[in-house]
Amino acid sequence: MWRAVGLASLGLGNVAPNPCVGSVIVCDNRIIGEGFHRLYGTAHAEVNAVNSVRAEDRHLLPKSKIYVTLEPCHHYGKTPPCVDLILDNKIPKIVIGCKDPNPQVGGQSIEKLKQNGVEVTVGVLEKECWEVARRFMTFFIKKRPYIILKYAKSKDDFIGNPNEQVWITGGQSKSLVHKWRSEEAAILVGTNTAMIDNPNLTNRLWYGKNPLRLVIDTKEKLNPNLNIFNQKAETKIFKSDDIELILKELYDLKINSIIVEGGAALLNDFIKKGFWDEARIFTGDCYLKNGVIAPNFPKIKPAESQFIGRDRLEIFYK
């Protein structure tokens with residue numbers, strides 16, 4: 001299952017709104033097949049695992065055990081049900097990391113497998129399997145996207161100047177942020193950030209896709225020549241700053257993850273209302289002495305802390 005979790009993570013940024021899922025097939029303590037969900041609309045992890053089994057090993061499937069990080073699908077979507085694939089190949093045992101919260105699945109696959117004589121084990125490395133699919137899980141359980149807050153602050157707790165763009169972190173941190181952008185469905189900023197910083201909000205320093213750009217502009221102040229309106233990525237404008245309404249609309253659009261990049265007022269609103277799942281906070285190797293005060297983030301211990309170049313990165317989970 002550890003191997004399946006590792007495989008699942010390889011799909012990050014390419015499978016949304018589907019979950020990241022990995023699968024491994026074992027016979028007599030030997031892996032004979034493995035796979036992961038690579039791209040939305042294409043074969044699921046279980047299909048890729050079965051298809052990876054070599055011709056000379058196909059006869060082993062009826063005495064093998066398949067490991068999958070998430071309960072197999074039960075319904076027809078972009079692809080046929082993976083439950084039927086398991087039954088058609090007469091795989092007698094399955095180990096499932098965690099149940100699927102999607103109402104179209106929701107334990108039905110487990111019951112169908114059991115009713116057809118498959119030995120089912122559920123809950124192996126459940127926490128790790130949930131974690132690798134946390135965007136998908138949050139989307140169905142909380143009925144909103146998985147929310148990542150991200151910002152950089154100086155050592156004296158300022159995030160910038162009110163009227164001009166200020167770089168706080170170094171090049172390595174910037175590249176990492178672009179990698180993060182490639183992994184999430186959308187990125188959100190407020191009006192002032194869009195006007196003052198004039199960001200592209202695209203992934204230019206890493207391989208992979210650009211996120212959907214989301215901008216709040218309640219008073220229609222944004223100049224159409226700003227970078228957020230270029231042709232590098234799609235942009236959606238919200239004319240309301242009501243976070244709950246924004247999250248509801250994103251849920252309806254099946255956007256299952258967002259990065260909130262600023263500014264301070266927007267980040268504080270998310271923090272105050274408890275709408276966050278993860279926070280990634282850089283502290284640059286600099287002092288600004290004055291400017292825009294950093295968001296009022298809770299004083300809790302970070303789950304992870306490391307240096308990216310000369311910048312300290314702390315990651316928090318709610």
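I began with Pro 17, which lies in the loop between helix H1 (2-8) and strand E1 (22-27). Helices here are DSSP runs of H or I with at least four residues, strands are runs of E with at least two, and both are numbered from the N terminus. The model is predicted, so I noted the limits: local features need pLDDT of at least 70, side-chain atom pairs need 80 or more, and totals for chains, interfaces and linings use all residues. Residues are numbered from 1 along each chain as its sequence is written, and side-chain values use heavy atoms, with hydrogens and water left out.

**Entry 1: cis peptide bonds**

What joins Ala 16 and Pro 17? I found a cis peptide bond there, with omega about 5°. Another cis bond joins Gly 262 and Gly 263, and its omega is about 5°. Gly 263 sits in the loop between strand E11 (257-262) and helix H10 (264-272).

**Entry 2: positive phi**

I then looked up positive phi values. Lys 90 has phi of about 55° and is not a glycine. I placed Lys 90 in the loop between helix H3 (82-88) and strand E4 (93-98). Is Lys 90 buried or exposed? Its relative accessibility is 59%, so Lys 90 counts as exposed. The cut-offs on relative accessible area are under 20% for buried, over 50% for exposed and partly exposed in between, with a 1.4 Å probe and protein chains only.

Asp 157 also goes on the list, with a positive phi near 65°. Its loop runs between strand E6 (146-153) and strand E7 (158-160). Asp 157 is partly exposed, at 38% relative accessible area.

**Entry 3**

H6 spans residues 134-142. How many of its nine residues are buried? I noted seven, so the helix is mostly covered. The buried ones are Arg 134, Arg 135, Phe 136, Met 137, Thr 138, Phe 139 and Phe 140.

The model has seven aromatic pairs. Phe 139 and Phe 140 form one of them, edge-to-face, at 5.4 Å centre to centre and 85° between the planes. Rings of Phe, Tyr and Trp (its six-membered ring) pair if their centres lie within 6.5 Å; planes under 30 degrees apart are stacked, over 60 edge-to-face and the rest tilted. Phe 136, Phe 139, Phe 140 and Tyr 251 make one aromatic cluster.

**Entry 3: charges over rings**

I looked for charged ends over ring faces. The test is NZ of Lys or CZ of Arg within 6 Å of the ring centre and within 35 degrees of the ring normal. Lys 236 has its charged end over the ring of Phe 238, 5.4 Å from the centre. Arg 280 lies over the face of Trp 180, at 4.6 Å from the ring centre.

**Entry 4: the cavity**

How many cavities of 30 Å³ or more are there? I got one. On a 1 Å grid over the protein atoms alone, a cavity is a set of points where a 1.4 Å probe fits but cannot get out; a pocket is an open set with protein on both sides within 12 Å along at least five of seven lines; lining residues have an atom within 4 Å of a point. Points are joined across faces, edges and corners, and a volume is the space filled by probe spheres set on them.

The largest cavity has a volume of about 100 Å³. Of its 18 lining residues, Leu 12, Asn 18, Cys 20, Arg 135 and Asn 256 are the closest to its centre. H6 gives the most to this lining, with three residues.

What is the volume of the largest pocket? I noted about 1,200 Å³. Of the 47 residues lining this pocket, the closest to its centre are Thr 193, Asp 197, Glu 261, Gly 262 and Gly 263. Gly 262 and Gly 263 are the two residues joined by a cis bond in Entry 1.

The second largest pocket has a volume of about 580 Å³. Its lining has 27 residues, and the closest to its centre are Asn 18, Pro 19, His 75, Asn 102 and Phe 136. H6 supplies the largest share of this lining, three residues.
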